Amino acid sequence: MQTITVEFSSSAEMRNYPIHIGNGILDQTELITSCLKQKRVAIVSNTTVAPLYLEKLRTGLEKNGVQSIPIILPDGEVYKNWDTLNQIFDALLKNHCERSTTILALGGGVIGDLTGFAAATYLRGVPFIQIPTTLLAQVDSSVGGKTGINHALGKNMIGAFYQPRMVIADSATLDSLPDRELRAGIAEIIKYGLIRDPAFFEWLEKNMQRLLSRDPAILNDAIQRSCENKAEIVAADEKESGVRALLNLGHTFGHAIENGMGYGIWLHGEAVAAGTALAADLSRRMKLINDTDVARIHAIFQQAGLPVSAPRLEPKKYLELMALDKKVSAGKTRFILLNRIGEAVMRADIPPELITETLNACMTHE
């Protein structure tokens, strides 16, 4: 097992917390019990993950004298909304959960985001622990304290910054992950190489096939390197007022794809991959990177079996959806672009005609 610490040094009210990474560490329930305030927890999961791992987790906790309340939600991005959030609140209230009752999020990014938001707001804040079971959640959404739900007009537009007490990333849970979900997680891994870690990008180019074949050592290395990158960024900028925004490479286009197509039609990682290809094209049009860089970026996503073209929607529709992006400031959409592979930058000075050119050039012709 490897442990990374998210270290907040700028404010006394911020708490450091560990990210435990390993194969089979879900069995080590003492990791969880060591930080509980009381011998009672609520476990939020979904109809896909619960049959696989919930009883194992509950049994391990019970052996350590901890009672658990299961809260099983429907599975899918389409359920990341107020109605599902209220199901968590209903269960917490009916079971008389207190401020010292820790909530565990057992599942992918949707479960983590919903549970974190519930924890941030129930009784004005209760402790929670992230136990991500998808690659995307292990390398991205479980780390950093972003929580929330979707709105019909925009993805993740309602939520809170609320840090977990701990993250437990057990790569053994990826054995049950469908190939499509695994590839979607790889999109976020590639992102770290593109925005700040060129050596990692090169390592991914060389090891992509082993990653796709679920080589345990390669998977753990990729998860660890991704979490190290994210932990450093989050510790420096918890509330996304500066450098943390760079983690949104591909997300301005990607969120527009998810919303425009209907939540859940494109997986988040698939939309981010296509969105990153669009951001690369826009970076080239801004004369920041060259054709060779764009070709390398396309090649690594294609090697991972991910899309590099956006679905066909009217450019006007894309522009409307991107105007709802959280990075919009003073009415201007700000894009994360690439100065080079391994260095990202936020830009708001992009001529509208270049954005339209990118959209027209990078949409599928189907």
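## A guided tour of the predicted model

A search of the whole structure finds 21 salt bridges, a salt bridge being a side-chain nitrogen of Lys or Arg within 4 Å of a carboxyl oxygen of Asp or Glu. The model is predicted, and local features need pLDDT of at least 70, side-chain atom pairs count only at pLDDT 80 or more, and totals for chains, interfaces and linings use all residues. Residues are numbered from 1 along each chain as its sequence is written, and side-chain values use heavy atoms, with hydrogens and water left out.

Select Lys230 and Asp140 to begin, whose side chains form a salt bridge with N and O 3.1 Å apart. This pair connects distant parts of the chain, with Lys230 in helix α8 (residues 216-236) and Asp140 in helix α5 (residues 135-141), 90 residues apart; helices here are DSSP runs of H or I, at least four residues, and strands are runs of E, at least two, numbered from the N terminus. Both Lys230 and Asp140 are buried, where buried means under 20% relative accessible area, exposed over 50%, and partly exposed in between (1.4 Å probe, protein chains only).

Next, select helix α10 (residues 268-285), which holds both Asp281 and Arg284, three residues apart. Asp281 forms a salt bridge with Arg284 at 3.1 Å between the closest N and O atoms, and the side chains of Asp281 and Arg285 also meet in a salt bridge (2.6 Å, N to O). Asp281 counts as buried because its relative accessibility is 7%, whereas Arg284, at 27%, counts as partly exposed.

Now move to helix α4 (residues 109-121), where twelve of the 13 residues are buried, including Val110, Leu114 and Phe117. Just after α4, Leu123 takes a positive phi of about 50°.

Finish at strands β7 (residues 146-151) and β8 (residues 154-161), which pair in the antiparallel sense over five bridges, pairing being assigned if DSSP finds at least two bridges between two strands. A hairpin of two residues joins β7 to β8, and Gly148 has Gly159 in β8 as its bridge partner.
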